[in-house]
Amino acid sequence: MSATPFIVRDERVEDVIPIRRVIERAFGQTVEADLVDALRQGDALTVSLVAEAAGEIVGHVAFSPVIIRAGDILSEALGLAPLAVIPERQRRGIGAALVRAGLDACRARGHRVVVLVGEPAYYQRFGFSTASEFGLECAIPVPVEVFLVAELAPGALAGCSGVVSYRPEFDAVSA
């Protein structure tokens, strides 16, 4: 049995409820879906993509602004969160396609750095490495090995270090 082909595209207004369902099913709770809704309401979804198969939304990825603070110096970057695929479609390349397309969209819009909290073994194939190697730490208390960063432009992290702060909408997720 072959998998139904899918496409990755930008989120549309009519996708809001299906995206929420995808995220709730993927995580088995509403916290991450609430986060995406709050980011959308705060006009903070810099990139929001869906995977669609046979007219059904089966996956979603979101990127929103983060701030890197080093003393009085502030730098902007993006945070990838969350990445969600409905359970029965996981491990079929949808999440990877969403990440790749999302990073390409971020790069095309002039963004240079993306951070995330996630499984290193999964995200390394997309160019992510441990953020602490670049002098970055996460303001949210997470294990150092799961706080990752990727340069979207060569040398984007040169001289960039400090504490990465997510938008206030993330406070409910990290609490």
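Author: Start with β2 and β3, which run antiparallel and are joined by seven bridges. Strands and helices here are DSSP runs, numbered from the N terminus: a strand is a run of E with at least two residues, a helice a run of H or I with at least four. Two strands count as paired if DSSP finds at least two bridges between them. The model is a predicted one, so local features need pLDDT of at least 70 and side-chain atom pairs count only at pLDDT 80 or more, while totals for chains, interfaces and linings use all residues. Residues are numbered from 1 along each chain as its sequence is written, and side-chain values use heavy atoms, with hydrogens and water left out.

Within this pairing, V50 stands opposite H60 in β3. The two strands make a hairpin with two residues between them. In that turn, A54 has a positive phi of about 50°. G55 sits in the loop between β2 (47-53) and β3 (56-70) and, at 61% relative accessibility, counts as exposed. Exposed means over 50% relative accessible area, buried means under 20%, and partly exposed lies in between (1.4 Å probe, protein chains only). Although G55 and S75 are 20 residues apart along the chain, their C-alpha atoms are separated by 39 Å.

A parallel pairing is found between β4 and β5, which are joined by two bridges. G79 has V115 in β5 as its bridge partner. Four of the five residues of β5 are buried, so this strand is largely enclosed by the rest of the structure.

Both β4 (73-85) and β5 (113-117) supply at least two residues to the lining of the largest pocket. A pocket is found on a 1 Å grid over the protein atoms alone: it is an open set of points where a 1.4 Å probe fits, with protein on both sides within 12 Å along at least five of seven lines, and lining residues have an atom within 4 Å of a point. About 840 Å³ of space lies in this pocket; that volume is the space filled by probe spheres set on the points, which are joined across faces, edges and corners. Its lining has 32 residues, and those nearest the centre are F27, L83, V117, G118 and Y123. β4 gives the largest share, six residues. By class, 21 of the lining residues are nonpolar, five polar and six charged. Here Ala, Val, Leu, Ile, Met, Phe, Trp, Tyr, Cys and Pro count as nonpolar, Asp, Glu, Lys and Arg as charged, and the others, Gly among them, as polar.
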